[in-house]
Amino acid sequence: MQIMKGLELPWYAGLPRVEARFYIEQYGGATDVWIGKTLYRMPDISNNVYLDLAKLDYNKCQAQHQTEWNEFEEWYANDNLQELGIARNYLLHAYFLAAATVFEPERSNVRLAWAKSQIICKIIVSYFNHETTSEEERIAFLANFRSRINGLTNTKSSKTGHRILNILSKILDQASTDAWGILGRDISHQLHNAWGEWLMKLNRGVKCDEGAELLVNIINICAGHIVSEESILHPEYQRLSKLTNKVCQQLQWYQNEKVLGIDDCSAENIIMKCSREIEQNMQALVQLVVCESNVANKNVKQTFLMVAKTFYYGANCSRETIDFHISKVLFERVV
């Protein structure tokens, strides 16, 4: 059964809470029989105490996730995000990816900042790319964001732009408040810088629609893993960022092409070529993350791989599989 699950879900697509759930369900406890030259049991490895503790821990985390999801739905309804193009299933998918990866109850602030950032990122990209949004409105949006950082007001943005900025401001304020209570430090400056840089790239037409690098920065900042300006400019860190952005862009394109289901032979060859490049880039990213480095600590580097794996998961799992995993991770108690 473990081999079958491994074949169904490639390692690059493995999310910690999904893997934990299936491991608990396959773990036999004291009834596990090991096969060697004879049949035997190993009570120090397989026992019911471990199994019971694993179930209690899983259900405790899940209860926390359900509380957060209820708050997430309230946020969705109160800010009427459906009007801004966010469907409820996308909302659930975004929260699931964060909860299935950063699952510990005490890391609620990181989880929520990740999920909300992914939502507002999609809203902003849609706004910037919409045919009715002019170049002046995009520039005004960025200027207004900078003005708010400095405590000023700017009225040049469109009505929709102002609304999106208000939502983004509330997200950043909440993330800063949560971090202050947990970390005892003010991270508002780092958060605003991360968003400001991403918005400038988006406005310049740089390929950053997926927001992978932005999500990495938000997660690390909210977790208290602040990276110095010197480290960010280091070639090794830059390579990590660029490779993560590239592979996530490729995965998003690959996912979109799969959804379209193009039967054209030339298109199929392009998809196969892209698939091979994705595997090569994921392997290169893993090598960068696991190698020793004086530029960034292990936790910072792991975040790049963590985010990339969520994109890989989305591109390689069917809608039915994702819905099944969401149900298991968020809503079905382990018994």
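Trainee: Which residues lie nearest the centre of the second largest pocket?
Mentor: This is a predicted model, in which local features need pLDDT of at least 70 and side-chain atom pairs pLDDT 80 or more, whereas totals for chains, interfaces and linings use all residues. Numbering starts from 1 along each chain as its sequence is written, and side-chain values use heavy atoms, without hydrogens or water. A pocket is an open set of points on a 1 Å grid over the protein atoms alone where a 1.4 Å probe fits, with protein on both sides within 12 Å along at least five of seven lines, and lining residues have an atom within 4 Å of a point. The second largest pocket is lined by 30 residues, and those nearest its centre are Ala194, Glu197, Glu213, Asn217 and Ile232.

Trainee: Which elements each supply at least two residues of that lining?
Mentor: Helices here are DSSP runs (H or I, at least four residues), strands likewise (E, at least two), numbered from the N terminus. For the second largest pocket, the elements that each supply at least two lining residues are α8 (188-204), α9 (212-222), α10 (229-232) and α11.

Trainee: Which element gives the largest share of the lining of the largest pocket?
Mentor: The lining of the largest pocket consists of 26 residues, with Tyr90, His93, Gln252, Gln255 and Asn256 nearest its centre. Two or more lining residues come from each of α4, α5, α11 (235-260), α13 and α14. With 6 residues, the largest share is that of α5.

Trainee: How many residues of α4 are buried?
Mentor: Buried means under 20% relative accessible area, exposed over 50% and partly exposed in between (1.4 Å probe, protein chains only). Among the buried residues of α4 are His93, Tyr95 and Phe96. The helix is mostly covered, and of its 14 residues the buried ones number 11.

Trainee: Against which helices do these buried residues pack?
Mentor: Contact is defined by heavy atoms within 4.5 Å. The partners of the buried residues of α4 are α2 (16-26), α3, α5 (108-129), α13 (298-316) and α14 (319-331).

Trainee: Is Asn47 buried or exposed?
Mentor: Asn47 sits in the loop between β2 (39-40) and α3 (48-78). Its side chain reaches the backbone nitrogen of Tyr50 at 2.9 Å, and a polar contact is a pair of N or O atoms within 3.5 Å, one able to donate a hydrogen and the other to accept it; residues adjacent in sequence count only if both atoms are side-chain atoms. Because its relative accessibility is 15%, Asn47 counts as buried.

Trainee: What is phi of Asn80 near?
Mentor: Asn80 lies in the loop between α3 and α4 (88-101). At 31% relative accessibility, Asn80 counts as partly exposed. Phi is positive in this residue, which is other than glycine, and is near 50°.
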